[in-house]
Amino acid sequence: MLYCALSQAQSQGQFLLQYGVGIAAENDMHIVLVGIESEPYLSDLSLHLGILLAKQPAQMLSILLVDANSGSHSLSKRLVQTTTDGLNDLLDDTASVNDVVLPCQTPGLSFLPRGRQSFPQRPSAMRKLPRLLKQLKSQHDAILIDAGGISDSTAESIVQWCDSSCFVLPLGAYTADDIAGAVDKLQGHGAQFLGTILFDPH
């Protein structure tokens with residue numbers, strides 16, 4: 001099980017991030033990053049992880065970042081200047097993968113924005129979700145999905161179809177009971193729990 005405690009300034013923390021999520025990349029997996037609540041740090045860490053993995057010269061990995069965070073648009077706002085089609089539009093059958101997956105400035109890193117529409121909950125969209133994830137997985141070595149808070153409907157829908165889910169939590173923000181309850185909820189939605197990344201936000 002992955003368990004990382006890190007500070008943004010620690011080189012050791014960067015190594016742990018590369019090692020932990022590198023396990024997923026080496027096994028051609030998609031990993032979901034979730035929090036107990038939807039917070040901007042999820043998007044920040046998702047981007048940081050994607051860049052670290054894409055910059056590993058020995059592996060030459062193709063990494064896809066996916067913004068599925070229904071509570072925060074910070075990842076899409078940071079990487080895309082204007083609102084554009086994305087994940088939600090793919091599920092709504094109003095866009096195609098080739099049109100919405102965008103290259104980033106970092107070689108080997110691509111980005112799938114959240115999209116113009118809200119996350120669709122129709123049965124047809126939910127049936128399409130596992131097929132879409134499988135298609136994206138076939139085109140990339142690793143997929144990092146910012147799914148927001150565990151209580152969000154988007155996170156509940158996505159975690160059951162992904163290989164691994166990982167909690168991202170700020171140090172000291174939650175009690176042991178809070179975390180245990182969140183893990184139970186995550187697993188109740190069918191998630192394969194990889195572990196927890198604890199970080200110092202200061």
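Me: How does Arg122 count at 40% relative accessibility: buried, partly exposed or exposed?
Reply: Arg122 counts as partly exposed, at 40% relative accessibility. Buried means under 20% relative accessible area, exposed over 50%, and partly exposed in between, with a 1.4 Å probe and protein chains only.

Me: What kind of model is this, and how are residues numbered?
Reply: It is a predicted model, in which local features need pLDDT of at least 70, side-chain atom pairs count only at pLDDT 80 or more, and totals for chains, interfaces and linings use all residues. Residues are numbered from 1 along each chain as its sequence is written, and side-chain values use heavy atoms, with hydrogens and water left out.

Me: Which residue forms a salt bridge with Arg122?
Reply: The partner is Asp92, with the closest N and O atoms 2.1 Å apart. Arg122 is in the loop between strand 5 and helix 6, and Asp92 in the loop between helix 4 and helix 5 (97-100), 30 residues apart. A salt bridge is a side-chain nitrogen of Lys or Arg within 4 Å of a carboxyl oxygen of Asp or Glu. Helices (H or I, at least four residues) and strands (E, at least two) are DSSP runs, numbered from the N terminus.

Me: And Asp92, buried or exposed?
Reply: Asp92 is buried, with a relative accessible area of 18%.

Me: How many salt bridges does a search of the whole structure find?
Reply: The search finds four. One of them joins the side chains of Arg116 and Asp85 at 2.8 Å, N to O. Arg116 lies in the loop between strand 5 (109-112) and helix 6 (123-139) and Asp85 in the loop between helix 3 (74-79) and helix 4 (87-91), so this pair ties together parts 31 residues apart in sequence.

Me: Which residue forms a salt bridge with Asp93?
Reply: Lys128 does, and the closest N and O atoms are 2.3 Å apart. Asp93 counts as exposed at 58% relative accessibility, whereas Lys128 is buried at 17%.

Me: Changing topic: how many residues of strand 2 are buried?
Reply: Six of the six residues in strand 2 (residues 30-35) are buried. His30, Val32 and Val34 lie on one side, and Ile31, Leu33 and Gly35 on the other.

Me: What does strand 2 pair with?
Reply: Strand 2 runs parallel to strand 6 (residues 142-149), joined by five bridges, and pairs in the parallel sense with strand 7 (residues 164-170) over four bridges. Two strands pair if DSSP finds at least two bridges between them. Val32 stands opposite Ile145 in strand 6 and opposite Ser165 in strand 7.
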